[in-house]
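Here is a short briefing to read alongside the model. Please keep the viewer open and follow each topic in turn.

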Amino acid sequence: SVVDLTGDSRVSTAVAAGSSACAEMTSRTVVAIKAGAKNLGCTSVTVEVNIASFGVSNTVTLPIVYVDTFYVEATPYPSFSGSDAFVSATLRKVHCTSGFQHASAEAHVTLTPETVGGDPDDPIEVTTFASFDSSAPAVASMDSTEIEGASAGVTQVAATWAGITSDPYNITVTESLAIPTSLVVNFRDLTQKTFYGPAGSTARSKVRINFDDGTQFPDFITDVDWIGTTELLTFMSSAAAAVPVDSEGVLTLLANHHEEVVITATSVCDAAMADTNSVPANLEAEDGDVDLGNIYGVQFTQDGDSLVVSVRTTAANALKSFQLDITWDETALEASACSQGASWTGGIWTCTINDPPSVATVVASDADSTASGVDIEVAVLTLKVLSSGLKELSATIIEAVQFDGVSETDLANGGTASMM
């Protein structure tokens, strides 16, 4: 077996006599290269290791690698796919705003080719170990590695690492404009590409802004905190009663909607520059409420003249019994079947349809039921579509009994949904 004796006080280390001009031990385990070692032509250092109490010793020879060049580069901030290929030496003013572009500083070193591991064509990034300074903070200041354009002018950014300072990197900040050329709208915080959740849930818009210099803000609202959203964008919803969108691009779920809600982002500078994206709005039933249709995607999906409707409820505690009515316009829909839902498998369950023709009544009871939480599927109703148009399909819980382990609670509430 192998025993690690690195921390054992019986182990002594020393730089071999032949290497003493090149290096010294600063601790039992740290070898430091002496100043001037490169000029002496030192290419390696030999360290002697002894364990006197065991009567054993050994030597190890370590190659010496020197820093050949130390330099700074800058790429666009925030980063995006392909941004590493851009050199950000000029930061322009963003059109229609008071803000300038930003950049990310990177520090790199190359090693002397004659030494082990040296390759001038394969620089090593040391950004995370370096600190950065700007010679003119009023032109562009540094926030860690972020170069923040502030006013027209020129500054030099330099990095410090391992006690050495890089060559300066020139950054020019100019009033010349970075002009948006296109927008791309997407969304955050969705579940299976659906805006699904309880009433009041929110989701954020994600807008990519492409510029004429080939750079982009990949997620302008989230990543660009130095330019206000309203300086560049406005938002509009096609169904504000169901899913309004505010000036910051935040969507709020208020109600179900029979078709996908279209969100439009438009450039403040150019009303002709806009993009849209759509999202299904599907409300999660509250405690003691009922929900109809799909959980994800649009609420109702018609197959020919057939409409299969999942009937679900929400219960904070174990649902023991319930009665609910599903109603519709009998000139538009006709019930053809009603079956037990996947979440209700025991006890008593009945579903009465076509008595009257516009109502289905589901009644169930199970003393052993443990069904609780959201999306408890209690029935599946199959309807035949008789005519087209926007029609209302609604469900009302007449009675629902829940048991919390101590006492029963009788809840009654109504839920409404719409369909095409």
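A disulfide here is a pair of cysteine sulfur atoms within 2.5 Å. This is a predicted model, in which local features need pLDDT of at least 70 and side-chain atom pairs count only at pLDDT 80 or more, while totals for chains, interfaces and linings use all residues. Residues are numbered from 1 along each chain as its sequence is written, and side-chain values use heavy atoms, with hydrogens and water left out.

**Disulfides**

- With the bonded cysteines of the protein numbered in sequence order, the pairing reads 1-2, 3-4, 5-6.
- C22 and C42 form a disulfide with sulfur atoms 1.9 Å apart. The torsion about their S-S bond is about -75°, so this disulfide is left-handed.
- That pair links distant parts of the chain, 20 residues apart: C22 sits in the loop between β1 (11–15) and β2 (23–25), and C42 in the loop between β3 (31–33) and β4 (44–51). Strands (E, at least two residues) and helices (H or I, at least four) are DSSP runs, numbered from the N terminus.
- Both C22 and C42 are buried, where buried means under 20% relative accessible area, exposed over 50% and partly exposed in between (1.4 Å probe, protein chains only).
- C96 and C269 form a disulfide, and their sulfur atoms are 1.6 Å apart. C96 lies in the loop between β7 (90–94) and β8 (102–111) and C269 in the loop between β22 (261–267) and β23 (274–279), so the pair ties together parts 173 residues apart in sequence.
- C96 is partly exposed at 39% relative accessibility, and C269 is partly exposed at 27%.
- C338 and C351 form a disulfide with sulfur atoms 2.1 Å apart. Their S-S torsion is about 100°, so this disulfide is right-handed.
- This pair joins strand β29 (residues 333–340), which holds C338, to strand β30 (residues 348–353), which holds C351, 13 residues apart.

**A three-stranded sheet**

- An open sheet of three strands has the order β20-β22-β23, with antiparallel pairing; two strands pair if DSSP finds at least two bridges between them.
- Its edge strands, each pairing on one side only, are β20 (233–237) and β23.
- Six bridges join the antiparallel β22 and β23, and T266 stands opposite A274 in β23.

**Around S205**

- S205 lies in strand β18 (residues 202–211) and is buried, with a relative accessible area of 1%.
- A polar atom of the S205 side chain lies 2.6 Å from the backbone oxygen of G249.
- Beyond neighbours within four places in sequence, the contacts of S205 (heavy atoms within 4.5 Å) include F187, F235, G249 and I263.

**Nonpolar cores**

- A nonpolar core is a set of buried Ala, Val, Leu, Ile, Met, Phe, Trp, Tyr and Cys residues joined through side-chain atoms within 4.5 Å.
- The largest one has 32 residues, and F322, L324, I326, W328, L383 and L393 have the most contacts inside it.
- Strand β32 gives the largest share of this core, six residues.
- Leaving out residues up to four places away in sequence, L383 touches residues including L307, V309, W328, L333 and L393.
- A second, separate core of 30 residues includes V185, F187, I227 and V245.

Definitions and conventions
Polar contact = N/O pair within 3.5 Å; in protein donor to acceptor, adjacent residues only side chain to side chain.
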